[in-house]
Amino acid sequence: MRHPTKRKPIELRPEEKLHQLISSGTSLVNTIDAATILGLKPNTLRVWASRGCGDIRPVLTKNGAKWRLTDIRNLIGA
């Protein structure tokens, strides 16, 4: 008898993720999406948020740090 296997979600390339977020009309993105677009590890952005350093600054919400899509686009030149 075959056991159902967990399928890994399809991961988008950074430029595809950026296009998806732009198309959705969102202005703030979570740390994982921001890191994917920037080619960084999520912990790098978490350190930037906690130390107040780094190339962009987060917006602190009740659900954690979010990152402005416009800041991300400016940083990568998109």
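Accessible area is the surface found by the Shrake-Rupley method with a 1.4 Å probe. In this predicted model, the chain exposes about 6,100 Å², and carbon and sulfur atoms supply 52% of that area. Of the 78 residues in the chain, 22% are buried.

The chain contains 4 helices and 3 strands. Along the sequence these elements follow the pattern α-β-α-α-β-β-α. Among contacts between residues at least 6 apart in sequence, 41% join residues at least 24 apart.

Helix α1 spans residues 14-24, and K17, L18 and L21 are buried in this helix. These three residues lie on the same side of α1, because they cover an arc of only 100 degrees around the axis. An α-helix has 3.6 residues a turn, so residues three or four places apart point the same way. On the face turned away from the buried side, α1 carries the exposed residues H19 and S23. G25 follows α1 and has a positive phi, near 85 degrees.

Side chains of opposite charge can pair when their charged atoms come close. A search of the whole structure finds 4 salt bridges. One of these is formed by D33 and K17, with an N to O distance of 3.5 Å. D33 belongs to helix α2 and K17 to helix α1, so the pair ties together parts that are 16 residues apart in sequence. D33 and K17 are both buried.

Another salt bridge joins R13 and E16, whose closest N and O atoms are 3.5 Å apart. R13 has a relative accessibility of 48% and counts as partly exposed. E16, at 32% relative accessibility, also counts as partly exposed. A salt bridge is likewise present between the side chains of D71 and R68 (3.5 Å, N to O). The relative accessible area of D71 is 23%, which means that D71 is partly exposed. R68 is partly exposed as well, with a relative accessible area of 35%. Salt bridges that share partners also join R13, E15 and E16 into one network.

Definitions and conventions
Residues numbered from 1 in each chain as written. Predicted model: local features only at pLDDT ≥ 70, side-chain atom pairs only at ≥ 80, totals over all residues. Heavy atoms only, no water. Buried < 20%, exposed > 50% of the residue type's maximum accessible area, 1.4 Å probe, protein only. Helix = DSSP H or I, 4+ residues; strand = E, 2+ residues; numbered from the N terminus. Arc of directions from axis to C-beta. Contact = heavy atoms within 4.5 Å.
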